[in-house]
Amino acid sequence: MKKELKKTKKAIEELLKVLGDTEENLDDLDQAITKTHDKVAKLEEQVLDLVSQMQKIERKIHKKLNKIAKVKKLILKADTDRKLETYEKEYDRLVAELNALEKEYKKLHKKYEDLVLKEQKALEKEMQLEEEAARISEEQYHAIASVQDAMGRLAGKLNRY
């Protein structure tokens with residue numbers, strides 16, 4: 001009887017150690033998940049900010065294109081060389097501004113794509129961590145069930161004697 005009690009006690013102690021280890025692992029995973037979630041939230045905020053900036057530039061590009069169209073019409077209607085020269089200078093200036101805006105837009109779009117990629121990777125990492133936490137929780141559940149079963153058997157043996 002003593003041998004069985006010692007054996008059962010040892011098994012329970014090992015299971016309790018496993019429970020402690022899984023609890024520690026879960027705490028570590030929870031911290032990592034929280035950290036990753038915060039990173040994702042920050043990246044989402046940056047993406048939204050970039051989208052806002054890109055929309056502003058799109059509106060500016062649209063306005064420049066409208067101004068360029070008006071200046072083109074004025075060029076066609078110019079009745080003096082002086083007016084034609086003035087409109088052509090205005091046209092060149094507007095085209096240069098448009099090119100600068102398009103360059104800035106492309107730069108922001110590249111940055112946007114990079115941030116979205118980072119965000120996707122962070123989300124994937126967060127999902128992996130959550131899956132790992134679920135797996136460990138399942139192991140913990142089974143360990144608790146084993147401890148309860150062993151304690152039940154031990155209690156039954158003690159009641160018999």
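E132 is partly exposed, because its relative accessible area is 29% (buried means under 20%, exposed over 50%, partly exposed in between; 1.4 Å probe, protein chains only). E132 forms a salt bridge with R135, with the closest N and O atoms 2.3 Å apart (a salt bridge is a side-chain nitrogen of Lys or Arg within 4 Å of a carboxyl oxygen of Asp or Glu). By this rule the count comes to 8 salt bridges. The model is predicted: local features need pLDDT of at least 70, side-chain atom pairs count only at pLDDT 80 or more, and totals for chains, interfaces and linings use all residues. Residues are numbered from 1 along each chain as its sequence is written, and side-chain values use heavy atoms, with hydrogens and water left out.

- E132 and R135 are 3 residues apart in helix 2, so about one helical turn separates them (helices are DSSP runs of H or I, at least four residues, and strands are runs of E, at least two, numbered from the N terminus).
- R135 counts as partly exposed, because its relative accessibility is 39%.
- E90 and R93 also pair in a salt bridge, at 2.5 Å from N to O.
- Both E90 and R93 lie in helix 2 (residues 81-160), 3 residues apart, about one turn of the helix.
- E90 has a relative accessible area of 28%, so E90 is partly exposed.
- R93 is partly exposed too, because its value is 38%.

**Salt-bridge network**

- Salt bridges link K64, E90, R93 and E97 in a network.

**The D79 and K83 pair**

- A salt bridge joins the side chains of D79 and K83 at 3.4 Å, N to O.
- D79 counts as exposed, because its relative accessibility is 59%.
- K83 is at 39%, so K83 counts as partly exposed.

**Negative patch**

- E23, E24, D27, D28 and D30 form a negative surface patch.
- Patches are made of residues with over 30% relative accessible area and no salt bridge; like charges are joined within 9 Å, nonpolar side chains (Val, Leu, Ile, Met, Phe, Trp, Tyr) within 5 Å.
- Asp and Glu count as negative, Lys and Arg as positive; His and the chain ends are not counted.
- The place of a charge is NZ of Lys, CZ of Arg, CG of Asp or CD of Glu.
- Accessible areas come from the Shrake-Rupley method with a 1.4 Å probe; for residues, only the protein chains shown count as cover.
- D27 sits in helix 1 (residues 2-77).
- D27 counts as partly exposed, because its relative accessibility is 38%.
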